[in-house]
Every structure is written in structure tokens, then in C-alpha cells.
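Good morning, colleagues. I would ask you to look at the model on the screen while I go through its surface, its fold and its core.

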Amino acid sequence: MDETSGFMTARQAATDPRILVFGRLLGAANRLEYILGRSLEESVGLDHTLFELLLVVGRAGGAGVPVRDIAEARVLTSGGATRLVQRGVARGLVERRVSPDDRRVQLVGLTAEGERLLLEASDVHARNIERHLVDVLPADQAAVFAEAIKTLSKSAAAALPTMP
């Protein structure tokens, strides 16, 4: 097999190192998301999707973040981001307000309860990341892995189309 001829058998395709490494990346991410997400739910009663919303909003600071930016950060449609924000509002974790710069734009900010829960959940999440990710890798590999993931994330983000 060369780069231009394609795969000749199903086994050849299924055992291609490029396909295997991506499958392992997805498998690890899915398993870790399940383990860490379940821990968040059990410890603080917050599902991983809402936790990610709180992180995105928390990174924006006190000014808040437009729903459009939440959609892009979470790779959601605008409707999906709106529903996620509605869930956060219903739980009293985030609030919407009109942008002072553009009245057509809704900004999303943390409520006091959202910030409290974000801090509590982040403590749990950080300990679990240490246990299930950082501590699993040798120290020299952990730093290289973190940098590689950052590079992959930036590259993938740049390749994404603008979310509707």
C-alpha cells in the first residue's frame, strides 16, 4: 500500500497506524469524559456539559460572553448553545443580559451560585485529572502531551467552519 493507492483489505484499513492513533485518542477522551463526568455528577450534582458551560463563561470574566462564542467554544449550533444556556439559567448558574455595546447580543455571565459551583466542581475535576491523566504519564511525557494536545486543539479549531 502506498499513500495514493488506498487500502487493499479491511484488516489493512483497520490496523493503519493513523487510524489506530485517532481511535485511541477518541477512546481515551470518551472514557475519561465518562469517568470525570460521573464524578462531577456524584460529587457536586453537575453534569459535564453544564460544567463546560461554566468554564467557558468563567474564562470570559465579569463582562460575560456572547452565546455565539459559547457555540464556537463547545462546537454547537447556535440553537444548541441557546438550549445549554437555558439549562444553566434554569439551574440559577448563569444569567443573560443585553450587551451594552450591541443590544442584539445577549451576554452570558455567572451567577454567584454558578461561580460557587464552578469553584467546587473545578476542585473535584482537577484532582480527577491528576489521578486519571497526569499521574498516569511519566513526568517528561505529561508536559509533551499537554503541549501536543494544545497544538492539536488549535489546529482543529482553525479548521472548523463557522458554526451556524
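This is a predicted model: local features need pLDDT of at least 70, side-chain atom pairs count only at pLDDT 80 or more; totals for chains, interfaces and linings use all residues.

The protein chain exposes about 10,800 Å², and carbon and sulfur atoms supply 58% of that area. Accessible areas here come from the Shrake-Rupley method with a 1.4 Å probe, and for residues only the protein chains shown count as cover. Residues are numbered from 1 along each chain as its sequence is written, and side-chain values use heavy atoms, with hydrogens and water left out.

As to charge, the chain carries 20 positive and 21 negative side chains, and the centres of the two sets lie 4 Å apart. Lys and Arg count as positive, Asp and Glu as negative, while His and the chain ends are not counted. The place of a charge is NZ of Lys, CZ of Arg, CG of Asp or CD of Glu.

Let me turn to the overall form. The C-alpha trace spans about 60 × 35 × 25 Å along its principal axes.

The secondary structure comes to 7 helices and 3 strands, in the order α-α-α-β-α-α-β-β-α-α from the N terminus. Helices (H or I, at least four residues) and strands (E, at least two) are DSSP runs, numbered from the N terminus. Of the contacts (heavy atoms within 4.5 Å) between residues at least 6 apart in sequence, 52% join residues at least 24 apart.

Buried residues make up 27% of the 164 residues; buried means under 20% relative accessible area, exposed over 50%, and partly exposed in between, with a 1.4 Å probe and protein chains only. In soluble globular proteins, nonpolar side chains tend to be buried together. The largest nonpolar core here has 24 residues, and those with the most contacts inside it are Leu46, Leu53, Ile70 and Val108. Such a core is a set of buried Ala, Val, Leu, Ile, Met, Phe, Trp, Tyr and Cys residues joined through side-chain atoms within 4.5 Å. Helices H2 (17-44), H3 (48-60), H4 (67-74), H5 (78-90) and H6 (112-134) each give two or more residues to this core, and its largest share, 7 residues, comes from H3.

Which residues does leucine 53 touch, not counting those up to four places away in sequence? They are Ile70, Leu84, Val85, Gly88 and Val94. Leucine 53 itself lies in helix H3, and its relative accessible area is 0%, so it is classed as buried. Its C-alpha atom is 9.7 Å from that of leucine 110, 57 residues away along the chain.

Beyond its neighbours within four places in sequence, histidine 125 contacts Leu36, Leu40, His48 and Phe51. Serine 122, also placed in H6, is partly exposed at 24%. With residues up to four places away set aside, serine 122 touches Phe51 and Leu55. Between serine 122 and glutamine 106, 16 residues apart in sequence, the C-alpha separation is 26 Å.
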